[in-house]
Amino acid sequence: MKLVVRRHPKFEGVFWVEGFEGLRPATRNLVPGFQVYGEELIQYEGVEYRVWNPFRSKLAAAVVKDVREIFIKHGHRVLYLGSASGTTLSHVSDIVGVLGMVYGVDFSPKVMQQFIRSVVERRRNVVPVLADATKPETYSHIVGVVDVVYADVAQPRQAKLVADNCRLMLKKGGGTLLAVKARSIDSVEEPAKVVEQEVKTLAQNGFEILQTLSLEPFEKDHVMVVAVYHG
Ligand SMILES: C[S@@+](CC[C@H](N)C(=O)[O-])C[C@H]1O[C@@H](n2cnc3c(N)ncnc32)[C@H](O)[C@@H]1O
């Protein structure tokens, strides 16, 4: 069967690859010829796309599960908390394109090294920030104001951390995506209760919650919280 690539009907810069494996999300490769994490590269009508694996990326899982909004668009400035080696962040970099900018924060020097080698050195729209995301005042002067905050730090009190970052850097009306790993916050508490508590914290800090989306079967016990920041 021949592969066909179509635009995602809702999300600018996101595509569907249609072929023998069904529908798979993809982004247009900002650095043709280069993979970031061994993802499949596809050529279609003179353009190269990177297939976006929902088992490797929670944002791809959210797209496959028909999330209401991802907020990220061409030319946007994005603060990405918990960049790790840049698997998901590299697709965000594809979406915002050359006119956008993605600030990737991680506190692990080891993953930061890999991130720099596989993503930052090849992409001019990515800035690495080696810092603790619980201390946004240490890097807000580097980042400035952003359109979107994406958080996947797998840490306790993620919502509090997100609210502190948004207060300093997210524009009013900007979007937030928070991947909540329910079990890492409190391994005894029911995952649903943990998510409820995180949502409550966001609501108390000026966020309007649009959706909480389970990422099963791609990510066990993970929920994507989609919110707009009103301040
Ligand atoms: C689940 S991984 C992120 C995966 C990545 N978002 C992706 O999809 O490719 C969580 C990352 O958060 C980082 N992290 C955890 N707590 C942090 C903190 N307080 N500040 C900065 N980074 C943190 C870890 O070092 C780790 O790399």
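Is Arg 50 buried or exposed? In this predicted model, Arg 50 turns out to be buried, with a relative accessible area of 0%. That makes this arginine a handy place to start, and its partners come next.

One partner is Glu 39, whose side chain meets that of Arg 50 in a salt bridge at 2.7 Å, N to O. The two sit in distant parts of the chain, 11 residues apart: Glu 39 is in the loop between strand 3 and strand 4, while Arg 50 belongs to strand 5. Glu 39 is buried as well, at a relative accessible area of 4%. Arg 50 also pairs with Asp 94, here with 2.6 Å from N to O. Through shared partners, salt bridges join Glu 39, Arg 50, Asp 94 and Arg 123 into one network.

Now for the wider layout. The chain splits into domain 1, covering 4–52, and domain 2, covering 61–229. Their C-alpha centres are 22 Å apart, and the contact draws on 19 residues from domain 1 and 24 residues from domain 2. Between them the two domains bury about 1800 Å², with carbon and sulfur atoms giving 65% of that area. On the domain 1 side, Phe 11, Glu 12 and Leu 30 lose the most area to domain 2, and together they make up 32% of what that side buries.

Polar links cross this interface too. Two salt bridges are found between domain 1 and domain 2, and nine residue pairs are in polar contact, both residues being at pLDDT 80 or more. As for which elements of domain 1 touch domain 2, those giving two or more residues are strand 2 (14–19), strand 3 (22–28) and strand 5 (47–51). Strand 3 provides the largest share, three residues.

Side chains of opposite charge can pair when their charged atoms come close. Arg 24 is buried, because its relative accessible area of 14% falls under the 20% cut-off. Glu 40, at 37% relative accessibility, is partly exposed.

Lys 160 forms a salt bridge with Asp 164, the closest N and O atoms being 2.7 Å apart. Both residues lie in helix 5, four residues apart, or about one turn of the helix. Lys 160 is partly exposed at 44%, whereas Asp 164 is buried at 16%.

Glu 216 and Pro 217 are joined by a cis peptide bond, with omega at about 5 degrees. Pro 217 sits in the loop between strand 11 (207–214) and strand 12 (222–229). Phe 71 has a phi near 70 degrees; it lies in the loop between helix 1 (58–64) and strand 6 (77–81) and is buried, with a relative accessible area of 13%. Ala 154 has a positive phi of about 50 degrees. The loop holding Ala 154 runs between strand 9 (146–151) and helix 5 (158–169), and at 35% relative accessibility Ala 154 is partly exposed.

Terms used
Residues numbered from 1 in each chain as written. Heavy atoms only, no water. Buried < 20%, exposed > 50% of the residue type's maximum accessible area, 1.4 Å probe, protein only. Domains from an automatic or database assignment. Contact = heavy atoms within 4.5 Å. Buried area = accessible area lost by both parts, 1.4 Å probe. Salt bridge = Lys/Arg side-chain N within 4 Å of Asp/Glu carboxyl O. Polar contact = N/O pair within 3.5 Å; in protein donor to acceptor, adjacent residues only side chain to side chain.
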